[in-house]
Amino acid sequence: MTSKQRAYLKGLAMELDPIFQVGKNSVTPENVAAIEEAFNRRELIKIAVLKNCLDDPGEIARVIAERTHSQVVQVIGKKIVLYRPDKDKPKIILPKV
């Protein structure tokens, strides 16, 4: 993903509210399954890491992205933005390289 594409996705993510929260149990198989299910309906997801979670948000983002086959767009503070294009009908058209 190029920096131009990443910037475009960051702009789209500004309007999103977090739809998942990662708490003190960190990343669980249930969390991953729920995020995987959400990727079936949307391509861009924002996740909030709660204050009681002691793990690094960057590491949490990497683990979730690896398990869901998505890409980390950004990690700012305790917010994570992930992107995975729809295989059949992509809704988000990224700028050309």
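Strands β3 (residues 71–76) and β4 (79–83) pair in the antiparallel sense over five bridges; pairing requires at least two DSSP bridges between two strands. Strands (E, at least two residues) and helices (H or I, at least four) are DSSP runs, numbered from the N terminus. I76 stands opposite K79 in β4. Two residues separate the strands of this hairpin, and G77 takes a positive phi near 60°.

The model is predicted: local features need pLDDT of at least 70, side-chain atom pairs count only at pLDDT 80 or more, and totals for chains, interfaces and linings use all residues. Residues are numbered from 1 along each chain as its sequence is written, and side-chain values use heavy atoms, with hydrogens and water left out.

Helix α2 (residues 29–39) buries V32, I35, A38 and F39. Buried means under 20% relative accessible area, exposed over 50%, partly exposed in between (1.4 Å probe, protein chains only). Seen down the axis of α2, the buried residues fall within an arc of 120°, so they line one face of the helix. The arc is taken from the directions from the helix axis to the C-beta atoms. P29 and E30 are exposed on the other side of α2. The cover over the buried residues includes β1, β2, α3 and β4.

The largest nonpolar core has 18 residues. Such a core is a set of buried Ala, Val, Leu, Ile, Met, Phe, Trp, Tyr and Cys residues joined through side-chain atoms within 4.5 Å. I35, I45, I47, I60, I64, I80 and L82 touch the most other members. Helix α3 gives the largest share, five residues. Another core, of seven residues, lies apart and includes L9, A13, V81 and I92.

Conventions: Contact means heavy atoms within 4.5 Å.
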